Amino acid sequence: MLVAGLLLDKPRHLTAEQILSQLKAEGLRVSKATVYNTLKALTGHGLVRQINLGGDHSVYDSTCTPHHHFHDEETGELFDIGPGEVEFLKLPVPPDGTEPTGVDVVVRIRRRPA
């Protein structure tokens, strides 16, 4: 309940490690396994979205309505992009026996050199 409360109390993007750190900073005793198991359950029930940013790095998004993201490569922050702000002219034909269930776009950004 504590993990869900932290993630779902307002729109946010948090890693499992950030959730664990925030809960421990509040003096709560929670294991890393509990955080990951809870995130898996929340994701499985469609209450949060897991956004894979490459390798083992995932961020959990409490906004489940369709949208996309800017990912700041320097700070790691995610910023929402509205679904109408990205347009596709064509999607590839999926493999036989499958159908698309959604499209997630992550636009990687960084500060321009001075």
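**Entry 1: the parallel pair.** I began with strand β4 (residues 68–72), which pairs with β6 in the parallel sense over four bridges. I count two strands as paired if DSSP finds at least two bridges between them. Helices (H or I, at least four residues) and strands (E, at least two) are DSSP runs, numbered from the N terminus. I looked up H69 and found that its bridge partner in β6 is V106. F70 stands opposite V107 in β6.

**Entry 2: ground rules.** This is a predicted model, so I note its terms: local features need pLDDT of at least 70, side-chain atom pairs count only at pLDDT 80 or more, and totals for chains, interfaces and linings use all residues. Residues are numbered from 1 along each chain as its sequence is written, and side-chain values use heavy atoms, with hydrogens and water left out.

**Entry 3: the antiparallel pair.** Next I checked β4 against β5: the two run antiparallel and are joined by four bridges. Here F70 has F79 of β5 as its bridge partner. The hairpin of β4 and β5 has five residues between the strands, and G76 takes a positive phi near 85 degrees there.

**Entry 4: the whole sheet.** I put the pairs together and got an open sheet of three strands in the order β5-β4-β6, with mixed pairing. The edge strands, each pairing on one side only, are β5 (78–81) and β6 (106–109). From one strand to the next the twist averages 25 degrees; axes are lines fitted to C-alpha atoms, for helices over the stretch in contact, and angles run from 0 to 180 degrees between N-to-C directions.

How many residues of β4 are buried? I found four of its five, so to speak a mostly covered strand. Buried means under 20% relative accessible area, exposed over 50%, and partly exposed in between (1.4 Å probe, protein chains only).

**Entry 5: helix α3.** I moved on to α3 (residues 32–44), which has 13 residues. Its buried residues are V35, L39 and L42. Seen down the axis of α3, they fall within an arc of 65 degrees, so they line one face of the helix; the arc is that of the directions from the helix axis to the C-beta atoms. On the other side of α3, I found N37, K40 and G44 exposed.

What do the buried residues of α3 pack against? They pack against α1 (2–8), α2 (16–25) and β3 (58–61), where contact means heavy atoms within 4.5 Å.

Note on methods
Expected span 1.5 Å × (residues − 1).
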